[in-house]
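Here are my notes after going through the model, point by point. Have the viewer open while you read.

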Amino acid sequence: MASPAHDSAPVLDKDGVRLTVDDAIATVTLTNPAKRNAQSPALWRALTEVGRLLPGSVRVVVLRAEGKSFSAGLDRQAFTPEGFDGEPSFIDLARGGDAELDATITAYQEAFTWWRRSDILSIAAVQGHAIGAGFQLALACDLRVVADDVQFAMRETSLGLVPDLTGTHPLVSLVGYARALEICATGRFVMAEEAVNTGLANLAVPADQLDGAVGDLASAVLAAPRDAVIETKALLQGALSRDYEAQRTAERAAQARRLRDLAGLGE
């Protein structure tokens with residue numbers, strides 16, 4: 001069984017994020033359990049850096065978190081006048097111009113975008129609370145395996161904000177518009193059973209079996225040829241924006257590439 005590389009020498013370890021790599025599996029760990037892995041701009045910059053540091057050998061990226069909670073969301077210190085040391089507070093950002101604010105949020109979003117690159121498959125291992133930015137970070141991954149104590153919630157609307165860390169598109173794609181709107185507008189908790197039943201999670205297991213279940217899933221992914229997984233992921237991602245006939249065409253083109261590669265006739 002392939003297992004997340006918890007004990008390998010870290011490639012990166014800063015600002016509440018640790019990256020370890022073991023051949024084809026990279027493990028990204030949130031490492032601030034004392035604050036329930038609350039998120040900050042520094043953490044988002046570290047996650048963005050992780051995406052740039054992944055070696056070409058990596059096929060599966062596992063996202064996990066130390067402690068009882070996956071991530072309690074944005075550190076509320078961001079909303080204080082002081083903000084974080086060396087960082088503008090959100091209050092200061094709100095006073096800036098539209099272009100500056102847009103550029104800042106764009107930079108924050110980069111921490112959440114690379115997980116769906118076609119050359120990797122990302123798996124979030126989620127236990128306990130995954131609130132707001134924590135929920136959106138789990139949604140950034142391709143797949144989610146959850147502990148039976150998981151509690152997802154999108155609390156931004158309750159705070160007078162909107163979810164802006166790329167979580168709205170995958171949420172609607174997974175659970176549908178009406179349920180996504182209800183989850184966001186009410187800020188309620190989504191527990192493990194509902195998460196699996198609605199497609200938000202692929203699998204729920206007891207908390208002490210979470211790492212093992214993710215390792216088994218990673219092994220199953222690695223058993224398939226890499227190029228076939230890459231082509232299939234791209235094909236399925238494109239299905240969200242193609243109509244039926246366009247998807248048929250995309251399937252034929254992808255299969256033609258695979259057959260030519262298998263026959264040694266690829267470019």
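1. A word on terms before anything else: a polar contact here is a pair of N or O atoms within 3.5 Å, where, within protein, one must be able to donate a hydrogen and the other to accept it. Keep in mind too that this is a predicted model.

2. With that in hand, look at R242, which sits in the loop between α9 (226-238) and α10 (244-262). Its side chain makes a polar contact with the side chain of Q247, at 2.7 Å. Setting aside neighbours within four places in sequence, R242 is in contact with L235, Q247 and A250. R242 counts as partly exposed because its relative accessible area is 31%, and that class runs between the 20% and 50% cut-offs.

3. How big is the volume of the largest pocket? It comes to about 650 Å³. There are 26 lining residues, and the closest to the centre are L74, F79, F90, E156 and L161. As for helices, α2 (90-95), α3 (98-113) and α4 (133-140) each supply at least two residues of that lining.

4. You'll find E156 in the loop between β8 (151-153) and α5 (168-175). E156 is buried yet has no salt bridge, and the nearest side chain of opposite charge, R155, is 8.1 Å away. What does the side chain of E156 make a polar contact with? The partner is the side chain of Q136, at 2.9 Å. Not counting residues up to four places away in sequence, E156 touches G132, A133, Q136, L161, V162 and P163. L161 in that list is also among the residues closest to the pocket centre.

5. L74 is another of those central pocket residues, and it is found in the loop between β4 (60-65) and α2. Beyond four places in sequence, L74 touches Q39, W44, F79, F90 and A133.

6. The structure holds one cavity of 30 Å³ or more, and the largest cavity has a volume of about 60 Å³. Its lining is made up of R59, S118, D119, I120, L121, V221, R226, V229, I230 and K233. Which helix gives the largest share of that lining? That would be α9, with four residues.

Conventions. Residues numbered from 1 in each chain as written. Predicted model: local features only at pLDDT ≥ 70, side-chain atom pairs only at ≥ 80, totals over all residues. Heavy atoms only, no water. Buried < 20%, exposed > 50% of the residue type's maximum accessible area, 1.4 Å probe, protein only. Lys, Arg positive; Asp, Glu negative; His and termini not counted. Salt bridge = Lys/Arg side-chain N within 4 Å of Asp/Glu carboxyl O. Contact = heavy atoms within 4.5 Å. 1 Å grid on protein atoms, 1.4 Å probe; cavity = no way out; pocket = protein on both sides within 12 Å on 5 of 7 lines; lining within 4 Å. Points joined across faces, edges and corners; volume = space filled by probe spheres on them.
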